[in-house]
Amino acid sequence: NNYIMTSIIIRTKNEERWIGHCLSAVFSQNYKDFEVIIVDNESVDGTLKKVGRFPVKIINISNYTHGKALILGVQNSKGNILIFLSGHCIPVDKNWLSNLLNEFKDNKVAGVYGRQVPMSFSSPQTKRDLLITFGLDKIIQRKDSFFHNANSAIRRSAWNKVKFDDDVTNIEDRVWASHIINLGYHIVYTPDASVYHYHGIHHDNDI
């Protein structure tokens, strides 16, 4: 195994409902060689209290965009592979992390993203969106630049060539993927690295 270490970077803002479940699932993974970095955007609920029960590094950010938060997390990380996970996403099983990492055995792979499944009480629209977007077949993307940072992994050497745009409000993941594919890298979608995601990709149309 040639991965020195993995850095799991989790963005939070008022995630007290989910963050304990998220971190419990992360720390029960069968692959153990990782650090966790929380990038918190001025949470005013119980998020940081819940986070404090786990061995994590906490970075605070006030001037927030998705891209800026992730860049800050990466700057404070050491891993060869960077894992990005939303604070309200919960890994479904103990193989989530190892299944993301397995795809990097191919040196052409720069980024991997996993499946997102709705919760039983997610809205019908969220269920439909997630089930259509995140299917059961593995996909190797050589042209398609769809990528989703709520549950993803990036090789640090590829990140060093193309970083996230810190001005884009919320599709920094797709912008990154289109640049990295242009450099000849591939993106992999793996349904085997699955997380529960309560509100799906369109946030129930909340603009």
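Buried, in this talk, means under 20% relative accessible area, exposed means over 50%, and partly exposed lies in between, using a 1.4 Å probe and protein chains only. By that rule Glu 35 is buried, at 11% relative accessibility.

Good morning. The structure before you is a predicted model, in which local features need pLDDT of at least 70 and side-chain atom pairs count only at pLDDT 80 or more, while totals for chains, interfaces and linings use all residues. Residues are numbered from 1 along each chain as its sequence is written, and side-chain values use heavy atoms, with hydrogens and water left out.

I begin with confidence. The pLDDT is the predictor's confidence in each residue, on a scale from 0 to 100. The average for this protein is 89, and 91% of the residues score at least 70. Over residues 203–207, however, the pLDDT is below 50, and this stretch has 5 contacts in the model beyond near neighbours in sequence. A contact means heavy atoms within 4.5 Å.

I turn next to charged side chains. A salt bridge here is a side-chain nitrogen of Lys or Arg within 4 Å of a carboxyl oxygen of Asp or Glu. How many salt bridges does the structure hold? There are 3.

One of them joins the side chains of Lys 78 and Glu 35, at 3.4 Å from N to O. Lys 78 lies in the loop between α3 (66–75) and β4 (81–86), and Glu 35 lies in strand β2 (residues 34–40), so this pair ties together parts that are 43 residues apart in sequence.

Another salt bridge is formed by Lys 138 and Glu 103, whose closest N and O atoms are 2.7 Å apart. Lys 138 is in the loop between α5 (124–133) and β7 (139–141), and Glu 103 is in the loop between α4 and β6 (109–117), so the two tie together parts that are 35 residues apart in sequence. Lys 138 is partly exposed at 46% relative accessibility, while Glu 103 is buried at 13%.

There is also a salt bridge between Arg 128 and Asp 129, with the closest N and O atoms 3.3 Å apart. Asp 129 is buried, at 9% relative accessibility.

Asp 129 leads us to helix α5. Which residues of α5 are buried? They are Thr 126, Asp 129 and Leu 130. Seen down the helix axis, these buried residues fall within an arc of 90 degrees, so they line one face of α5; the arc is that of the directions from the helix axis to the C-beta atoms. They pack against β6 and β9. The face turned away from the buried side carries the exposed residues Pro 124 and Ile 132.

My last topic is the aromatic rings. Rings of Phe, Tyr and Trp (for Trp, its six-membered ring) pair if their centres lie within 6.5 Å; planes under 30 degrees apart count as stacked, over 60 as edge-to-face, and the rest as tilted. By this rule the count is 13 aromatic pairs.

Among them, Phe 121 and Tyr 198 form a tilted pair, 5.7 Å from centre to centre and with 45 degrees between the planes. Phe 121 is in the loop between β6 and α5, and Tyr 198 is in the segment after β9 (186–197), so the pair links distant parts of the chain, 77 residues apart. Phe 121 is partly exposed at 46% relative accessibility, and Tyr 198 is partly exposed at 27%.

Phe 147 and Trp 176 form a tilted pair as well, with 5.2 Å between centres and 40 degrees between planes. This pair links Phe 147, in the loop between β7 and β8 (151–155), with Trp 176, in helix α7 (residues 172–182), 29 residues apart. Phe 147 is buried, with a relative accessible area of 0%, and Trp 176 is buried, at 1%. Both belong to a cluster in which ring pairs link Tyr 113, Phe 134, Phe 146, Phe 147, Trp 176 and Tyr 189.

Finally, what sits over the ring of Tyr 198? The charged end of Arg 17 does, 5.0 Å from the ring centre. A charge sits over a ring if NZ of Lys or CZ of Arg is within 6 Å of the ring centre and within 35 degrees of the ring normal. Thank you.

Definitions and conventions. Helices (H or I, at least four residues) and strands (E, at least two) are DSSP runs, numbered from the N terminus.
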